[in-house]
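My entries follow in the order in which I worked.

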Amino acid sequence: MALEEKRAWITAVITVCAYVAYLIVILGRAVPGRFADVPYVAALLWTIGAAIVASIALHIAVSLASPRDDGRKDQRDREIGRFGEHIGQSFVVIGGVAALVMAMTEVDHFWIANTVYLAFVLSSLLESIAKIAAYRRGFQAW
């Protein structure tokens with residue numbers, strides 16, 4: 001398995017685990033019907049911070065475990081990386097537009113923040129899935 005594919009797997013797993021942990025914390029604090037009153041900021045920041053730290057640590061561990069692959073990207077790896085990034089960016093745009101519309105209609109900050117976070121999660125997950133699929137099933141450059 002290529003190092004970049006391992007990194008895509010790490011990103012996918014950490015993204016899902018972090019978001020599920022965030023949802024568990026938020027839903028555990030929620031009063032039915034009053035989600036907007038849930039104190040979400042600290043949980044959101046801690047979840048994102050922990051995901052970043054875990055991602056960095058696992059990327060370093062994987063790089064150390066396979067030193068022969070470290071820093072070696074061929075043309076295919078670069079094209080798959082670019083392909084995955086382009087696929088994933090769609091959710092960033094969708095989330096940005098949704099957050100903009102929500103802000104203009106004066107929706108509560110809780111919903112705007114969670115919409116943006118969900119968009120980032122979906123973007124990261126879709127990017128990772130696209131890269132993994134390209135490595136597993138083949139990739140045909142345009």
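This is a predicted model: local features need pLDDT of at least 70, side-chain atom pairs count only at pLDDT 80 or more; totals for chains, interfaces and linings use all residues.

Residues are numbered from 1 along each chain as its sequence is written, and side-chain values use heavy atoms, with hydrogens and water left out.

**Overall fold**

I found 4 helices and 0 strands in the protein chain, in the order α-α-α-α along the sequence; helices (H or I, at least four residues) and strands (E, at least two) are DSSP runs, numbered from the N terminus. Along the principal axes, the C-alpha atoms fill a box of roughly 50 × 35 × 20 Å.

**The largest pocket**

I read a volume of about 290 Å³ for the largest pocket, the volume being the space filled by probe spheres set on grid points that are joined across faces, edges and corners. Its lining has 13 residues, and Thr-15, Ile-48, Ala-51, Ile-52 and Ser-124 lie nearest the centre. H1, H2 and H4 are the elements that give two or more residues to this lining, and H1 gives the most, with 5 residues. By class the lining holds 9 nonpolar, 4 polar and no charged residues, where Ala, Val, Leu, Ile, Met, Phe, Trp, Tyr, Cys and Pro count as nonpolar, Asp, Glu, Lys and Arg as charged, and the others, Gly among them, as polar.

**H1 with H2**

Next I checked how helix H1 (residues 3–29) packs on helix H2 (residues 41–65), and found an angle of about 155 degrees with the axes 9 Å apart. H1 is therefore roughly antiparallel to H2; the limits are under 35 degrees for roughly parallel, over 145 for roughly antiparallel, 65 to 115 for roughly perpendicular, and oblique for the rest. Axes here are lines fitted to C-alpha atoms, for helices over the stretch in contact, with angles running from 0 to 180 degrees between N-to-C directions.

**H1 with H4**

For H1 and H4 I again looked up the packing angle, about 155 degrees, and the axis separation, 9 Å. This makes H1 roughly antiparallel to H4. The contact (heavy atoms within 4.5 Å) includes Trp-9, Thr-15 and Tyr-22 of H1, and Tyr-117, Ser-124 and Tyr-135 of H4. Its residues divide into 15 nonpolar, 5 polar and 4 charged.

**H3 with H4**

Last, I noted that the axes of helix H3 (residues 75–104) and helix H4 (residues 109–137) come within 8 Å and cross at roughly 160 degrees, so H3 is roughly antiparallel to H4. I counted 19 nonpolar, 8 polar and 5 charged residues in the contact of H3 with H4.

Conventions. On a 1 Å grid over the protein atoms alone, a cavity is a set of points where a 1.4 Å probe fits but cannot get out, and a pocket is an open set with protein on both sides within 12 Å along at least five of seven lines; lining residues have an atom within 4 Å of a point.
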